[in-house]
Amino acid sequence: MKTLAWAMCAAVALGLTSGVALAADTTLRISLQLPLKSHLGQNLLLFKEEVEKNSSGDIAVEIYDSAQLYKDKEVPAAVGSGAIEMGVASLTRYVGDVPAVDIFYQPFLFDTEDKVRAAVAPGSPVRGPLDEAIKDTGSTVLWWQAYGGAIMLSKDGPLKTPEDMEGKKVRVFGKTLGDFVTASGGAPTLISGSEQYLAYQRGTVDIGMTGVSGVKSRKLWEVMDTITVTNHADIEFIVVVNTDFWNGLPEEHQAIIQAAAVKAENDVRNRMSEIEAAAYAAAEENGMTVYRPDADEIAAWKAVSQPVYDTYSEKAGDLGKSVMDAAKGL
């Protein structure tokens, strides 16, 4: 039965491009952990439409959403090894190979939209060196997908200050976010995005951490009732392609793919505020309380965060120092 179910899921994904794929010279399979209806999934559909249209069907794009093929944590190795051509992964999934990527998870470092945009701009002194370092994993970054600010989820009340986190188990999706939880008195638990619904439902953790758009796409209001809008980190996903595969493509195919990637990146970045606003509205419509800490409460969260910066400095090396200096200069 499991085999049949997987086959049916695969058929749905293939059905998105079956006619095109049969006639295509090049096929790009993309692994995505989120549902296709999520804004990251919709962003991939935009990319797919652009590539297939502008290549006149010579390039087909197949999207395997909802972690059908690989969980988020498996994507870097799958793409880097060539097991699949492309994948979407949370930037922090590269922290094992490139510790400096967690610059975006330093608490409250990128606390304005202008700072985020400056940092993630292609070739910026923050993003540029990270993209280059990721190439050493066997993957090339095609574009970044905005996911918004990190928020926290809870039941029966908001998380106003670190005192509300003390002794609680907290879902995180990266080591540095775990350091933030530890500094705040909580116990971090690393859980993939595709598994967090069950973690909240079963009480595996007491507190959640995600982007608000994920609350909407995964209907997390069914298992949590409160959002605390801390925006303590900037969540970024990246779309990567296997470097050997990429280098083997005809130049005209590379140009078409790159142009589509630029359009997709700009589209999702420019719509992020609208996406988050819609997600907050959907959460409230479905019974969630949205709590926005005041300045004193945010100051309390910031006050416990210094150990996170210290750990980053120790582990991220020269590259980490370089991008940190650049980030502070924004």
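Axes here are lines fitted to C-alpha atoms, for helices over the stretch in contact, and angles run from 0 to 180 degrees between N-to-C directions. With that in hand, the axes of helix 14 (residues 306-315) and helix 15 (residues 317-328) come within 6 Å and cross at roughly 130 degrees. This is a predicted model, so local features need pLDDT of at least 70 and side-chain atom pairs count only at pLDDT 80 or more, while totals for chains, interfaces and linings use all residues. Residues are numbered from 1 along each chain as its sequence is written, and side-chain values use heavy atoms, with hydrogens and water left out. Helices (H or I, at least four residues) and strands (E, at least two) are DSSP runs, numbered from the N terminus.

- On the helix 14 side the contact (heavy atoms within 4.5 Å) is made by Tyr 309, Tyr 312, Ser 313 and Lys 315, and helix 15 brings Gly 317, Gly 320, Val 323 and Met 324.
- Helix 5 (113-120) and helix 11 (residues 251-270) have axes that come within 12 Å and cross at roughly 170 degrees.
- Helix 5 and helix 11 are therefore roughly antiparallel to each other.
- Val 116, Arg 117 and Val 120 of helix 5 make that contact with Glu 265, Arg 269 and Asn 270 of helix 11.

**Helix 3**

- Helix 3 (residues 39-54) has 16 residues and spans 23 Å from its first C-alpha to its last, close to the 22 Å expected at 1.5 Å a residue; the expected span is 1.5 Å times one less than the number of residues.
- It's a mostly covered helix, with 12 of its 16 residues buried; buried means under 20% relative accessible area, exposed over 50%, partly exposed in between (1.4 Å probe, protein chains only).
- After helix 3 comes Ser 56, whose phi is positive, near 55 degrees.

**Aromatic rings**

- There are 7 aromatic pairs in the structure; rings of Phe, Tyr and Trp (its six-membered ring) pair if their centres lie within 6.5 Å, and planes under 30 degrees apart count as stacked, over 60 as edge-to-face and the rest as tilted.
- One of them is Phe 104 with Phe 110, whose ring centres are 4.9 Å apart with planes at 20 degrees, so the pair is stacked.
- Phe 104 and Phe 110 are both buried, and together with Trp 144 they form one aromatic cluster.
- Tyr 105 and Phe 173 make an edge-to-face pair, 6.0 Å centre to centre with 80 degrees between the planes.
- That pair links distant parts of the chain, 68 residues apart: Tyr 105 is in the loop between strand 3 (86-90) and helix 5, and Phe 173 is in the loop between strand 5 (169-172) and helix 7 (175-183).
- Tyr 105 counts as buried at 1% relative accessibility, and so does Phe 173 at 8%.
- Over at Tyr 280, the charged end of Arg 292 sits over the ring, 5.1 Å from its centre; the test is NZ of Lys or CZ of Arg within 6 Å of the ring centre and within 35 degrees of the ring normal.

**Two buried residues**

- Met 288 lies in the loop between helix 12 (272-285) and strand 10 (289-291), and is buried with a relative accessible area of 5%.
- The C-alpha atoms of Met 288 and Leu 153 are separated by 9.8 Å, although the two residues are 135 apart along the chain.
- Leaving aside neighbours within four places in sequence, Met 288 is in contact with several residues, among them Leu 153, Val 215, Trp 221 and Ile 227.
- Thr 228 sits in strand 8 (residues 226-228) and is buried, with a relative accessible area of 0%.
- With neighbours within four places again left out, Thr 228 is in contact with Ile 151, Met 152, Pro 158, Leu 159, Tyr 291 and Pro 293.

**Positive phi in loops**

- Most residues other than glycine have a negative phi.
- Lys 219 is not a glycine, yet has a positive phi of about 55 degrees; Lys 219 is in the loop between helix 9 (212-217) and strand 8 and counts as partly exposed at 38% relative accessibility.
- Asn 231 also has a positive phi, about 45 degrees, without being a glycine; Asn 231 is in the loop between strand 8 and strand 9 (234-242) and is partly exposed, with a relative accessible area of 36%.

Conventions
Angles under 35 degrees count as roughly parallel, over 145 as roughly antiparallel, 65 to 115 as roughly perpendicular and the rest as oblique.
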